[in-house]
Amino acid sequence: MKGLIQKYILPKEVDFNFALQKQVNASRDTILDLYEYCIEDDREALKRITEDSRECRTLKNQNMRELLDVFITPYDRESIYRIINQVDWVALSAKHLAVDLMTYQITCMKNYQPMFLSLRVMADALAEGFVFLEEIKMHEIVRVVNEIYVHYDQTVEQCVLAAAEHLRNDEVRIFLSHREVLLQMKEVAKRIHVSANTLEDMAMKIV
C-alpha cells in the first residue's frame, strides 16, 4: 500500500545532487582526455572524447527530462536548467577543441601544456564544487569559484601569448592553423568559468 501511495500520489523525487554530479564528472572526463593527449602524449585520447561527449549528452537529456517531470526540486528550477546546459557546453566545447586538434593535425607544443593543465585544474575544481553544493559548504564553493577564475584568466593570457609568439617568429602558417585551437581552448575555459558562476548562484539561493 505504501509503495502505491508513493508511486501514484506523492510527488516524484529526484536526487538532483547525484544527477548533476554524474553529469559534471562525465564532462570532466572530456577535459581529462584533452589533458592526456597533450601532457601524456596519448594519441587515442582525442578519439575517446567523442565517446565521452555522447555520454555527456545522454546525461544532459536525462537530467532535462527529470527536471520537466519532477514537482519538487532542491534548488531553484531555473538555476538547475542553467547548470545542466552550462555543464553540457563544457563537454561540447571540449569536443570541438578535439576536432580542431585532429583536423589541423596539431601536436601539443610545450608552451601549450600549462593551458591544458589549467583546464584540468578548472574541471576538477568544478566537480569538487558540486560536492560542496550538496554539503552546503558555501565558503568552499567560493574558494573553488575563485580558483577557477584565476586559472581562466591565466589560460586566456597564455593563449594570447602563444599566438603572439608564432607571429613574432614569422610562423604565419602555424599561427593560422593554431589560431582556431587557441580560440577554442579559451572557449572551453570560458564554459567552465560560466558553469562555476552558475554553481555559485545556485548555492547563494539556498544559504
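A charge is taken to sit over a ring if NZ of Lys or CZ of Arg is within 6 Å of the ring centre and within 35 degrees of the ring normal. The model shown in these views is predicted, so that local features need pLDDT of at least 70 and side-chain atom pairs count only at pLDDT 80 or more, whereas totals for chains, interfaces and linings use all residues. Residues are numbered from 1 along each chain as its sequence is written, and side-chain values use heavy atoms, with hydrogens and water left out.

**View 1. Arginines over aromatic rings.** The charged end of arginine 191 sits over the ring of tryptophan 89, at 4.1 Å from its centre. Arginine 120 lies over the face of tyrosine 35, 4.7 Å from the ring centre.

**View 2. Helix α6 and its cover.** An α-helix has 3.6 residues a turn, so residues three or four places apart point the same way. After α6 comes aspartate 170, whose phi is positive, near 60°.

**View 3. Glutamine 21 in helix α2.** Glutamine 21 belongs to helix α2 (residues 16-38), and this residue counts as buried because its relative accessible area is 16%. Leaving aside residues up to four places away in sequence, glutamine 21 touches Phe130, Val131 and Glu134, a contact being heavy atoms within 4.5 Å.

View 4. Over residues 1-10, pLDDT (the predictor's confidence in each residue, from 0 to 100) stays under 50, and the model has 2 contacts beyond four places in sequence for them. Where pLDDT is low, the predicted coordinates should not be read in detail. The chain averages a pLDDT of 90, with 94% of the residues scoring at least 70. The secondary structure of the chain comes to 7 helices and 0 strands, and buried residues make up 44% of its 207 residues.

Conventions:
Helix = DSSP H or I, 4+ residues; strand = E, 2+ residues; numbered from the N terminus. Buried < 20%, exposed > 50% of the residue type's maximum accessible area, 1.4 Å probe, protein only.
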